[in-house]
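The sequence and structure come first.

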Amino acid sequence: MNNRLRKITIVGGGTAGWMTALIMETEFSRTSAPKDRPRICLIESPNIATVGVGEATVPHMPRTIRKAGITERDFFRETNASFKLGVKFCNWNKDARGNRIDYVNPFAHGQILEGLEAAEYFLRFGNGDRDFTQSVAPHDDLGRLCKGARELGQPEFEQRFGYAYHLDAVKFAGMLSRVCTRRGVEHIQDEVQSVELDEQGNVSHLMLERKGRHDVEMVVDCTGFRGLIINQALGEPFLDYSDYLPNDRAMALQIEHPDPEKIESVTRSTALGAGWTWRVPLYNRVGTGYVYSSAHRTDDQAADEYLEWLGDSGKGATPRVIPMRIGRVRNAWVKNCVAVGLSGGFIEPLESTAIHMIEHAVRWFTEHLPTREIEPALRSRYNRQMNRLYDEVLDFICLHYRLGNRTDDQYWIDARTEMKIPDRLAENLELWQYRLPMDHDIGFATLFDFRVYQTVLLGKQVYDTGYGPGIRDRLRPVKKPIWFHYTKGAKAHLAQILKTMPDHKTLLRDI
Ligand code: FAD
């Protein structure tokens, strides 16, 4: 068939570029004979560095790695990875007595007990001094994993506990690049200097600094925040989310493990004066950073605050500042170009969603992958799917700020009261004052379902600090002995696990 796509050009060799190459190569070789597959070619500038952050993931990653035929052991070894069982939010909210709250948003879910959500029982009866997460997903509160290394890579293990990875972003891109080039992806190290369009406005050629003119049939723009093709050449507008989210800058530092024998199995997000810090523990080091609002702190002020938070680990260091472009392009697929990764959009990294979105972007695009003639219906459906994914993530990130209750810095007050929230979230927040989130409140959800929302609401203890004051009177009747029996069992189960299973460091060392 003459119309078949013969070549796909990816521009950019960061996580987005190489994940695009990996997923496409895996999909094409699974579904078509070699003669029918488009050639994949990746162009990467040797002079423009990747963003170099993005080291926490969500639980789709084990499947992605497995599907691509990479063993989990190789992955761990090559990327200094560790396990991630959730995100620990520290000091985002105060409890009813004004004390700081730390809670984990885990990947494991609460259970249904006699037809009702564990969250409903918890809201009515509590569980002594254990918070909601410790009551329903107790395996993750001591940084231990529930199973030995021999179960790695088993879907059953993954489903039961839901884990993701912390990984070294630079090593990850390096590993993907080796795998892809071994499997036939052409790697061109050269810089795109200009982009030529044909009469219909499609990208027809890229001018490379050394190799000259490069023909294009379909191009994936993975050039990071600069959006070289989608924004600069095709002029697709960027929709700025600064009305919704205040943070527009970050600074990052890698530090040593303060105690190399203790590796946490969560990403920590700690609220500071004008934003929050991340702490991502890898096997051999810790990645940290501060995401903040330039309207509330200069870079120097933010650096002082961040280094103070780091304490001895940050002594004498100069953090690298990363300006962030928060929002998304109006449409990610325009003409014969699709933008994937930071070029397509970015919502601040609070829930480590960007790599997950890269994967969806590529999978959905590959499903819609066109012949050289592009059907507008395919393109518009793809764009709608991507835009809904951004909406989903935006809702969830805005939730964290809107339900914060800190008053110690103008930043937190502004983040709660001056920022817009999307209509769907506004409607849900009205509703959840009277009952807990239910599945149909969220609708389309690839990542954050109603249980994750329940966990945030209960984790922040919003029902004890002014939000939804009458909710307990409206709860459906639940039986206390069922809850008592369940929490007692969960506690005993945790004690058993801690006695017999290796700690995180030992497990990683064994791998
Ligand atoms: P980049 O890494 O910027 O790569 C751009 C590539 O394009 C480079 O290879 C460059 O050489 C190439 N290029 C640019 N111009 C040209 C040209 N003219 N010619 C040829 N090549 C060119 N995501 C998560 O999932 N989890 C996280 O915890 C997380 N934390 C983050 C924290 C911060 C502060 C930021 C800013 C982002 C974070 N992200 C996170 C997002 C994540 O880092 C990115 O989604 C991911 O790294 C993909 O980046 P990229 O490949 O799109 O862009």
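The points below take the ligand, then the helix pair, then the single residue.

The model is predicted: local features need pLDDT of at least 70, side-chain atom pairs count only at pLDDT 80 or more, and totals for chains, interfaces and linings use all residues. Residues are numbered from 1 along each chain as its sequence is written, and side-chain values use heavy atoms, with hydrogens and water left out.

**Ligand shell**

- The ligand is surrounded by 33 residues, each with a heavy atom within 4 Å of the molecule; G13, I48, A56, V192 and I355 are the closest.
- The shell comprises 17 nonpolar, eleven polar and five charged residues; here Ala, Val, Leu, Ile, Met, Phe, Trp, Tyr, Cys and Pro count as nonpolar, Asp, Glu, Lys and Arg as charged, and the others, Gly among them, as polar.
- At least two shell residues each come from α1 (15-31) and α10 (354-367), helices being DSSP runs (H or I, at least four residues) numbered from the N terminus.
- With three residues, α10 supplies the largest share of the shell.

**Backbone atoms at the ligand**

- An oxygen atom of the ligand lies 3.5 Å from a backbone N or O atom of G14.
- For A16, a backbone N or O atom is 3.0 Å from an oxygen atom of the ligand.
- A polar backbone atom of V192 is 2.9 Å from a nitrogen atom of the ligand.
- The protein buries 97% of the 1000 Å² that the ligand exposes when taken alone (Shrake-Rupley method, 1.4 Å probe).

**Helices α4 and α17**

- The axes of α4 (residues 118-125) and α17 (residues 480-500) come within 10 Å and cross at roughly 105 degrees; the axes are lines fitted to C-alpha atoms over the stretch in contact, with angles from 0 to 180 degrees between N-to-C directions.
- The two helices, α4 and α17, are therefore roughly perpendicular to each other (65 to 115 degrees).
- A118, Y121, F122 and F125 of α4 meet K480, I482 and W483 of α17, contact meaning heavy atoms within 4.5 Å.
- Six nonpolar residues, no polar and one charged make up this contact of α4 with α17.

**Residue E305**

- E305 is in helix α9 (residues 299-310).
- Leaving out residues up to four places away in sequence, E305 touches L272, G273, A274, Y290 and R297.
- From E305 to L429 there are 124 residues in sequence and 32 Å in space, C-alpha to C-alpha.

Terms used
Polar contact = N/O pair within 3.5 Å; in protein donor to acceptor, adjacent residues only side chain to side chain. Parallel < 35°, antiparallel > 145°, perpendicular 65-115°, else oblique.
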